[in-house]
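Here is a short briefing for a first look at a structure. Please view the sequence and the model before reading on.

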Amino acid sequence: MVEDQPQLARIRDILDEVKDPEIPTISLIDLGVITEIDLKENGHVYVEMTPTFVGCPAMDYMKKSVEEKLNENGFSDFFVNVTLEKAWTTNNITEKGREGLKKHGLAPPPHLEKIVDIDILENVTCPYCNSDDTELQTPFGPTLCRSMHFCHNCKQAFEQFKPL
Amino acid sequence: MDNQAAIELLYKMADDDLIIGHRNSEWTGVGPILEEDISFSSMAQDKIGHSWGLYKILHQLGESEPDLVAFTRNAEQFHNCQMVEFPIGEYDFSLIRHFLFDYADYHRFEMLENSSLTGLAQLARKIKGEIKYHILHARTWMKNLGNSTDEAKERLQRSLDTLYPMALGIFEKSPYEDQLISDGVFGGEEALQTRWLDSIMEVLRLTDLNHTLDSAASPLIGGRMGKHTDHLQPLLDEMSEVVRTDPTAEW
Ligand SMILES: [Zn+2]
């Protein structure tokens, strides 16, 4: 860690502008995909990222976006490392991130202790009307991160960012 | 640690995931109902992603780049079990294959969570969380259809009888079995098969299907040693065709 806290905070703010390519209401920091931002004594910037799903097709794109953002803001000495060392789970999504998902019409995932059971996908709170009278349609949505549900109260289909 | 044993293990796992992934992606647009279409496509995408993760570890151990490994080898250089290379057939065939394969896949990654090969252990922890949804899917549909109409049950039973000996081929032992176990890389095919069978039986007991599996069934082996059916090479040709015609295609 470095003493230059204001500079580190600035980098954090800059990177907070990089949003999820599919969900523009959540930043990669709030999604928990950026797991570490560090500034070395010599000004070297180290960013660590981890994919939501191993086969996430957007990972390369997200890494590139982070690199471009740093470039645009005048940083040239940096390294963006994609690793599974700190594996992503939906518990990594911040409170602000959960709000961002809701804004996009996605039900945020429940907090997980450990084991995912079928039950956790039943009666998900509807992001439109907040009813719990909902039903799981399939644990596989249009992207790997999402499950599909139906709300009996407002009669609308919705998606959940599924717990992992 | 001699890498040869780990390399053999990684290849068979990666090839299994790559081939079943490509097979099941054939359901896109033709599934019996839209939800199932999406599910099979989504799981296929997961599987191909998992194979990529494994090929990357192989690359770190000195093997070629993932896309070279995936798209330029011939059938006899693949180590997938034969079960995964068969055409998708009818829905009941694909569902039973998915059920039998994914429980084995799940338990394999579960056993690898504590592998002495650190990169593999990390990947396994991540992948296990994803495959939970695959077995959840398999279990749900086995339960639904396995308790539904006589026709559905009959079809499932027939596919189960066909696929069970094929599934036993998943556990074909490698020449490095003892070494993998003593090095702490992997607990071995025998231990895996035991865990798998327990899970399979637990699900079958929730259905009206026959609960006694043929203990005398002879496993369909050879795949781990590069022996394959005539179904594999055309699939590989098709896969590399897509890559050749569109070099930017994302896999
Ligand atoms: Zn609603």
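Predicted model: local features only at pLDDT ≥ 70, side-chain atom pairs only at ≥ 80, totals over all residues.

Residues are numbered from 1 along each chain as its sequence is written, chains are lettered from A, and side-chain values use heavy atoms, without hydrogens or water.

**Interface of chains A and B**
- Chain B gives 22 residues to the contact and chain A gives 26 (contact means heavy atoms within 4.5 Å).
- About 2,000 Å² is buried between the two chains, 66% of it on carbon and sulfur atoms (buried area is the accessible area, 1.4 Å probe, lost by two parts on being put together, summed over both).
- The count of salt bridges between chain B and chain A is 0 (a side-chain nitrogen of Lys or Arg within 4 Å of a carboxyl oxygen of Asp or Glu).

**Aromatic rings in chain B**
- The whole structure holds 11 aromatic pairs over all chains (ring centres of Phe, Tyr or Trp, its six-membered ring, within 6.5 Å; planes under 30 degrees apart are stacked, over 60 edge-to-face, the rest tilted).
- Trp27(B) and Tyr91(B) pair edge-to-face, 6.0 Å centre to centre with 80° between the planes.
- Trp27(B) is buried at 7% relative accessibility, and Tyr91(B) is buried at 14% (buried means under 20% relative accessible area, exposed over 50%, partly exposed in between, with a 1.4 Å probe and protein chains only).
- Ring pairs join Trp27(B), Phe40(B), Tyr91(B) and Trp141(B) into a cluster.
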